[in-house]
Amino acid sequence: MKKIKLTIFFLVLFSAGMVIPAVAAEFQFHGDMNNRFLLYTNHYDWLSSEQQGEINDATADKFYGELKYRFWAEAATDDNRIKGVYGIEIGGVRFGRTGTGRSQGGSYSGDGANLETRWAYVDFQLPFVESKARTLVGLQPFSVNRYFWQETAAGVNFKASPADRIDYQLAWMRGVDVGNRNPDSGIEDVDGFYANLNFKPMDKTNIGIFGVYQTGDANSPTVGTINPRTYELKSFAGNVKHRLYTLGVDGKLDSGPFYLGWNLMYQGGDIDRATWDDTEFSGVTNTGDFNLNAYFANLDVGTRIDKINLMYRFWYASGDDDPADGDINAFFSTDVDVDDGIGIFEGLYTDDDYFSERPYILDKGFIMNRLSADFPVTDKSTLGLVLMYMLTAEDIKYTDALGRSQSNNEIGFELDAYWRYMLYKNLELSINAGYLLAGDAMDAFEVGALRDGNADEDIFGSSMRIRYKF
């Protein structure tokens, strides 16, 4: 059935391409056909999404191939006042994996019903506004900040530019719609309201201020649970009452060979009728009302020397040091994909397998020191090197295998490298690898006798991709 639906989809696209020009409209079809291979990892047990990974004694090595394909169509009027976008995603379909659902269907006879809608929205110019003012309605790419919220979301997004150097944005995004018809269930929808203002005081300089208010009025008889491993707003899923706000300032400055980028965010608000479950680490379980008081800071400093790009990146995400009190001091993301490293984040090209998509670990925050260099080897190839030193902002406290209390915050040093070669203009071949020399805080994720207060296992991963974009 899915094969039939996909065939019909492409027939509709072809037909649209044939008939739309007759009514003075423009039709475009795009694709991103990404074939990825996990060449090797010594700890596949660690690469378990949403921070569910653990580290065992024996080597858990893995090699596999998969595909993630996206296709999208854009139909616009010739004056571009109205544009409709529809995109689908197939992936990541693992070679040889049986079953149905997302990432399945790569075994004998193919399709396992893994087709999903990625984007579906209308983008139109307001007819009564002479300046640049557009509204996007539907399932769309949505970005507040790469460390806080940058993913697909459904809602209404208004963008305007009343002057050459000023633009602003207002948006409502529905994160969770529970479809509740029972007034006594207490489970409610989750909404986000966003506003920002950007201005350019000079060329190649941008400064922005923004605010996000997020609310979910859940009042369920069953108290919702927050777990350090799932500490991200999208995991609240409508069952934890919260009224939270995030205020931020960001910007960039590019002056010839030097450039700067920065992000500052403060978070506050209330999380009510929730259970903070930290039994896996500190052993504490705390039920009640909580106050959020957290912040995040990032600075990028870079320079271009000939064709070589050098950059130092720092970020600090605040963490929580006491799960037993009524305050939560840990910065949280809503929905992001952070790819700054292979050992911890989504740096592998097989980026459906990772430990953390968020810029922090558990509720302990994060301190990132990242130095990167990109070298053009030839006109078609580029080499990159990355060195990182990482810590959590607050110690990870846990009990080891001998019953002793441990407290560590060093994640460790990591060295990553990549090589990219353009076989053709739109066809990329890339290989990368990363080695995390684990610090003692990684011992908190080890199991059995390995959990002894010292890091016993380093993490290595390498991947490759063949990617065609059009």
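**View 1. Glu-50 lies in the loop between β1 (25-41) and β2 (62-77).** The strands named here are DSSP runs of E of at least two residues, and helices are runs of H or I of at least four residues, both numbered from the N terminus. The model is predicted: local features need pLDDT of at least 70, side-chain atom pairs count only at pLDDT 80 or more, and totals for chains, interfaces and linings use all residues. Residues are numbered from 1 along each chain as its sequence is written, and side-chain values use heavy atoms, with hydrogens and water left out. Glu-50 is not a glycine, yet its phi is positive, at about 65°. Most residues other than glycine have a negative phi. Glu-50 counts as partly exposed because its relative accessibility is 22% (buried means under 20% relative accessible area, exposed over 50%, and partly exposed in between, with a 1.4 Å probe and protein chains only).

**View 2. Asp-306 occupies the loop between β13 (284-305) and β14 (308-317).** This residue, which is other than glycine, also has a positive phi, near 60°. With a relative accessibility of 77%, Asp-306 therefore counts as exposed.

**View 3. Arg-94 belongs to strand β3 (residues 82-94).** Its relative accessibility is 8%, so Arg-94 counts as buried. The side chain of Arg-94 makes a polar contact with the side chain of Tyr-44 at 3.4 Å. A further polar contact, at 3.2 Å, links the side chain of Arg-94 to that of Asp-353. A polar contact is a pair of N or O atoms within 3.5 Å; within protein, one must be able to donate a hydrogen and the other to accept it, and residues adjacent in sequence count only if both atoms are side-chain atoms.

**View 4. Strands β5 (residues 132-145) and β6 (residues 149-163) run antiparallel and are joined by 13 bridges.** Strands pair if DSSP finds at least two bridges between them. β5 and β6 form a hairpin with 3 residues between them, and Thr-135 stands opposite Phe-158 in β6. β6 is also joined to strand β7 (residues 166-176), in the antiparallel sense, by 7 bridges. The hairpin from β6 to β7 passes through 2 residues, and Ala-160 has Tyr-168 in β7 as its bridge partner.

**View 5. Strands β18 (residues 405-424) and β19 (residues 427-438) run antiparallel, with 12 bridges between them.** They form a hairpin with 2 residues between the strands. Asp-416 is partnered by Gly-434 in β19. β19 pairs with strand β20 (residues 459-469) as well, again antiparallel, over 10 bridges; here the bridge partner of Glu-428 is Arg-467 in β20.

**View 6. The second largest pocket has a volume of about 590 Å³.** A pocket is an open set of points on a 1 Å grid over the protein atoms alone, where a 1.4 Å probe fits, with protein on both sides within 12 Å along at least five of seven lines; lining residues have an atom within 4 Å of a point. Grid points are joined across faces, edges and corners, and the volume is the space filled by probe spheres set on the points. The lining comprises 28 residues, and Asn-206, Asp-250, Gly-251, Lys-252 and Asn-263 lie nearest the centre of the pocket. Strand β12 (residues 258-278) supplies the largest share of this lining, with 5 residues.
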